Amino acid sequence: SLEQKVGQVFMVRALTRFYNIGDPDYARLRDQVRRYHLGGVLLTIPSDGPVIYKSEPYEAAMFTNQLQADAELPLLISADFERGLSMRFYGTTIFPHAMAFAATGKPENAGAMARVVGEEARAIGVQWNFFPVADVNSAPDNPIINTRAFGEDPAQVSAFVTAYIDAARDVGLLTTAKHFPG
């Protein structure tokens with residue numbers, strides 16, 4: 001229906017934590033997905049100011065599997081794993097910022113990261129990662145881009161971004177080449 005098609009272009013944010021089927025927060029999210037025919041969910045984790053409350057990957061997998069089962073239409077599940085799943089979950093592979101990969105001078109290292117992130121993400125039900133950062137670190141004092149970029153040389157950044165995207169695609173993970181203005 002037209003209503004379903006409109007709903008499919010919307011994605012809501014969902015806190016990943018332990019939920020049981022009767023949890024009111026889970027029921028509210030499930031009902032939103034069904035009522036509005038939502039197309040996707042962005043997984044994130046709870047925080048309180050500077051304190052981040054990471055979850056376990058098993059909890060995330062249980063959550064995404066249950067939500068997919070409860071959805072009328074298949075959901076596109078996304079997350080922001082710039083430094084891998086360890087940004088949000090315990091017990092996953094820990095990676096440094098993008099600039100550390102660029103310091104090696106080997107784009108294949110970004111590809112290796114993408115393969116691991118892709119396999120771990122797909123294992124918990126995530127199909128789309130909001131990474132890589134495609135910015136060139138042209139303003140070193142910019143606290144937003146900084147070490148999240150693959151470097152200061154546009155050709156080098158392009159090579160690392162391409163390597164990440166190609167390797168992620170090989171393991172079935174969608175990517176977003178993102179930019180932060182300012």
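Analyst: What follows is a set of questions and answers about this structure, which is a predicted model.

User: Why is the contact between Arg148 and Glu82 called a salt bridge?

Analyst: The closest N and O atoms of Arg148 and Glu82 are 2.5 Å apart, and since the cut-off for a side-chain nitrogen of Arg and a carboxyl oxygen of Glu is 4 Å, the pair counts as a salt bridge. Behind the term lies a general point: side chains of opposite charge can pair when their charged atoms come close.

User: What makes Arg148 and Glu82 a link between distant parts of the chain?

Analyst: Arg148 lies in the loop between strand S6 and helix H6, whereas Glu82 lies in the loop between strand S5 and helix H4, and the two are 66 residues apart.

User: Which salt bridge does Lys178 form, and what parts of the chain does the pair link?

Analyst: Lys178 forms a salt bridge with Glu82, with 2.7 Å between the closest N and O atoms. Lys178 is in the segment after strand S7, and Glu82 is in the loop between S5 and H4, 96 residues apart, so this pair also links distant parts of the chain.

User: How do you know whether Lys178 and Glu82 are buried or exposed?

Analyst: The relative accessible area of Lys178 is 12% and that of Glu82 is 6%; buried means under 20%, and therefore both residues are called buried.

User: What makes you say that the buried residues of helix H2 are on the same side?

Analyst: In H2, the buried residues are Tyr26, Ala27, Leu29, Arg30 and Val33. They cover an arc of only 165 degrees around the axis, and this is why they are placed on the same side of H2. The buried residues of H2 pack against S1, S2 and helix H3.

User: How do you know that the span of H2 is close to what is expected?

Analyst: H2 has 13 residues and reaches 18 Å from its first C-alpha to its last, which is set against the 18 Å expected at 1.5 Å a residue.

User: Why are S1 and S7 called edge strands of the sheet?

Analyst: Five strands form an open sheet in the order S1-S2-S5-S6-S7, with parallel pairing. S1 and S7 each have a single partner strand, so one side of each is left without a neighbour in the sheet, and for that reason they stand at the edges.

User: What makes S6 and S7 a pair of strands?

Analyst: Two bridges join S6 to S7, and the strands run parallel; at least two bridges are needed for strands to pair, so S6 and S7 qualify. Within this pairing, Asn129 has Thr175 in S7 as its bridge partner. S1 and S2 pair in the parallel sense over five bridges, and the chain crosses from S1 through H2 to S2 in a right-handed β-α-β crossover.

Methods. Residues are numbered from 1 along each chain as its sequence is written. This is a predicted model: local features need pLDDT of at least 70, side-chain atom pairs count only at pLDDT 80 or more; totals for chains, interfaces and linings use all residues. Side-chain values use heavy atoms; hydrogens and water are left out. Helices (H or I, at least four residues) and strands (E, at least two) are DSSP runs, numbered from the N terminus. Buried means under 20% relative accessible area, exposed over 50%, partly exposed in between (1.4 Å probe, protein chains only). A crossover is right-handed if, with the strands pointing away from the viewer, the path from the first strand over the helix to the second runs clockwise. The expected span of a helix is 1.5 Å times one less than its number of residues. The arc is that of the directions from the helix axis to the C-beta atoms. Contact means heavy atoms within 4.5 Å.
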